[in-house]
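Please examine the sequence and the structure shown below. The briefing that follows treats them topic by topic.

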Amino acid sequence: MATSLATMGVACSSPFDALGSGSMSPSMGDEDLAETPPLTVSTEIDGLSVPWDVVTAPDGTLLTGERAGRFVARLPGGAVREVAADLSDLWAQGETGLMGLALDEDFAANRILYACHGFEEGATRDIRVTSWTVAQDWSRLTPVGTVIAGFPTVTGRHGGCRILVAEDGSLYIATGDAAVGTNPQDPAGLGGKVLHVTTSGDPAAGNPDPASAVFTLGHRNPQGLARDPASGDIYSVEHGPDRDDEVNRLVAGGNYGWRPDRAGFYDESVPMTDPVRVPGAIEAVWSSGTPPIAPGGMAFLQGSQWGEWEGAVVISALRGQQLRFLRLSDDGASVVAEGKPQELDGAVGRIRSVHSQPDGSLLLTTSNRSGDRVLRVRPS
């Protein structure tokens, strides 16, 4: 049963040529933040350790997965149970382990779940997306196969992997650059990218190179993907180094300007969006400036109960331990207002994921290593 927590009032060659740049909106200081509606926060699942993601099934079941490799479900009646799954090939180290989850567009009929995770077997170590079938009673996950593999990993750093199911059922997948300087600008590699594939792992229609899964490149460690329900545009949010987390609006073939391979090492002093070394790099829609807040996920606020924030972007923050609301301009290219709900400002610790639900509520996962929870947030 949910329990109340708080209630308070170098540019790459074609097809990745320069596509032009937008106008970045820097983060506002706290004194400039707009008022947000009062929120009610309740616990859906507790007793977790780094639940990276959470999905909601058509029957109302919530499924989350811990980074170290455990699936937990909360059934519609409120019972919480562990869901058995063979994760003997899971590679969990550093920031990498069991990460993004997504349900197939036709889950009610086929019971297919997608999971992104570190993988190690024999001499093979990578990050990949696999598919699973879910038992009708939520007792077990059975592996089906690998959708796409080969996302780079070295130490487990910058292994962020988020899955977004498109309206046509295809998959957008955000991948980290594995802290290897050449990865983000390598059009042949899968690290530091947003990929777009079919559920069979083939390049999706509309990709800039029909033979490649790569949709956009030049990313550092994107961990959030969301579709604007009004415009249909896809947005990502990614971690900056010691500054400049970014929200980016994704366009096919777009290069978002992260090129840290200077002087033969992974040089994090370079700009997140570097128009000098990456001509035509697309500027961010929003940047955190200094200090960064370490965004773990993003969604769009849905429903009239959010008032003037309906349709705004919501970002969950790890280091910042907050939610951040961003109201976009009419063209979706900049931010015109920013808010930070006080009810969640440091109150639950690090927040990894945020997902908008059909009833307008938000589902969050915390990431504090112990005592973590899946939370539901509603406007009071």
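This is a predicted model: local features need pLDDT of at least 70, side-chain atom pairs count only at pLDDT 80 or more; totals for chains, interfaces and linings use all residues.

The second largest pocket holds about 270 Å³ of space. It is lined by 17 residues, and those closest to its centre are Arg 67, Glu 95, Leu 318, Arg 350 and Arg 352.

**Pockets**

- The lining of the second largest pocket consists of three nonpolar, seven polar and seven charged residues.
- The largest pocket contains about 1000 Å³ of space.
- A total of 32 residues line the largest pocket, and Leu 164, Val 165, His 355, Ser 356 and Gln 357 are the ones nearest its centre.
- Six strands each contribute at least two residues to the lining of the largest pocket: E4 (51–56), E8 (98–103), E12 (161–165), E16 (222–227), E20 (295–300) and E24 (351–356).
- By residue type, the lining of the largest pocket comprises 20 nonpolar, seven polar and five charged residues.

**The largest cavity**

- Empty space can be located by rolling a probe the size of a water molecule over the atoms.
- The volume of the largest cavity is about 30 Å³.
- The residues lining the largest cavity are Ile 127, Phe 151, Pro 152, Gly 159, Gly 160, Cys 161, Thr 175 and Gly 176.
- Four of the residues in the lining of the largest cavity are nonpolar and four are polar, while none is charged.

**Strand E9 and its partners**

- Strand E9 spans residues 112–121 and is mostly covered, as eight of its 10 residues are buried.
- E9 pairs with E8 in the antiparallel sense, over four bridges; Ala 115 in E9 stands opposite Leu 101.
- E9 also pairs with strand E10 (residues 124–134), again in the antiparallel sense, here over 10 bridges.
- Gly 118 has Ile 127 in E10 as its bridge partner. Ile 127 is also one of the residues that line the largest cavity.
- The hairpin of E9 and E10 has two residues between the strands, and Gly 122 in this hairpin takes a positive phi near 60°.

**An open sheet of five strands**

- Five strands, in the order E2-E19-E18-E17-E16, form an open sheet with mixed pairing.
- E2 and E16 stand at the edges of this sheet with a single partner strand each, so one side of each has no neighbour in the sheet.
- Within the sheet, strand E17 (residues 234–238) pairs with strand E18 (residues 246–249) in the antiparallel sense over four bridges.
- The bridge partner of Glu 238 is Glu 246 in E18.

**Gln 322**

- Gln 322 belongs to strand E22, which covers residues 322–328.
- Is Gln 322 buried or exposed? Gln 322 is buried, because its relative accessible area is 4% and the limit for a buried residue is under 20%.
- A polar contact of 2.7 Å joins the side chain of Gln 322 to the side chain of Arg 324.
- Apart from its neighbours within four places in sequence, Gln 322 has contacts with Ile 293, Ile 315, Ser 316, Ala 317, Lys 340, Leu 344, Asp 345 and Ile 351.

**Thr 36**

- Thr 36 lies in the loop between strand E2 (25–26) and strand E3 (39–48).
- Thr 36 counts as buried because its relative accessibility is 13%, and buried means under 20%.
- When neighbours within four places in sequence are left aside, Thr 36 is in contact with Trp 309, Phe 325, Gly 339, Lys 340 and Pro 341.
- Lys 340 is also among the contacts of Gln 322.

**Asp 59**

- Asp 59 is located in the loop between E4 and strand E5 (62–66).
- Asp 59 counts as partly exposed because its relative accessibility is 40%, which falls between the limits of 20% and 50%.
- A polar atom of the side chain of Asp 59 lies 2.9 Å from the backbone nitrogen of Thr 61.
- Which residues does Asp 59 touch, not counting those up to four places away in sequence? Asp 59 touches Pro 76 and Trp 138.
- Although Asp 59 and Pro 76 are 17 residues apart in sequence, their C-alpha atoms are 7.1 Å apart in space.

Conventions: Residues are numbered from 1 along each chain as its sequence is written. Side-chain values use heavy atoms; hydrogens and water are left out. Buried means under 20% relative accessible area, exposed over 50%, partly exposed in between (1.4 Å probe, protein chains only). A polar contact is a pair of N or O atoms within 3.5 Å; within protein, one must be able to donate a hydrogen and the other to accept it, and residues adjacent in sequence count only if both atoms are side-chain atoms. Contact means heavy atoms within 4.5 Å. On a 1 Å grid over the protein atoms alone, a cavity is a set of points where a 1.4 Å probe fits but cannot get out, and a pocket is an open set with protein on both sides within 12 Å along at least five of seven lines; lining residues have an atom within 4 Å of a point. Grid points are joined across faces, edges and corners, and a volume is the space filled by probe spheres set on the points. Ala, Val, Leu, Ile, Met, Phe, Trp, Tyr, Cys and Pro count as nonpolar, Asp, Glu, Lys and Arg as charged, and the others, Gly among them, as polar. Two strands pair if DSSP finds at least two bridges between them.
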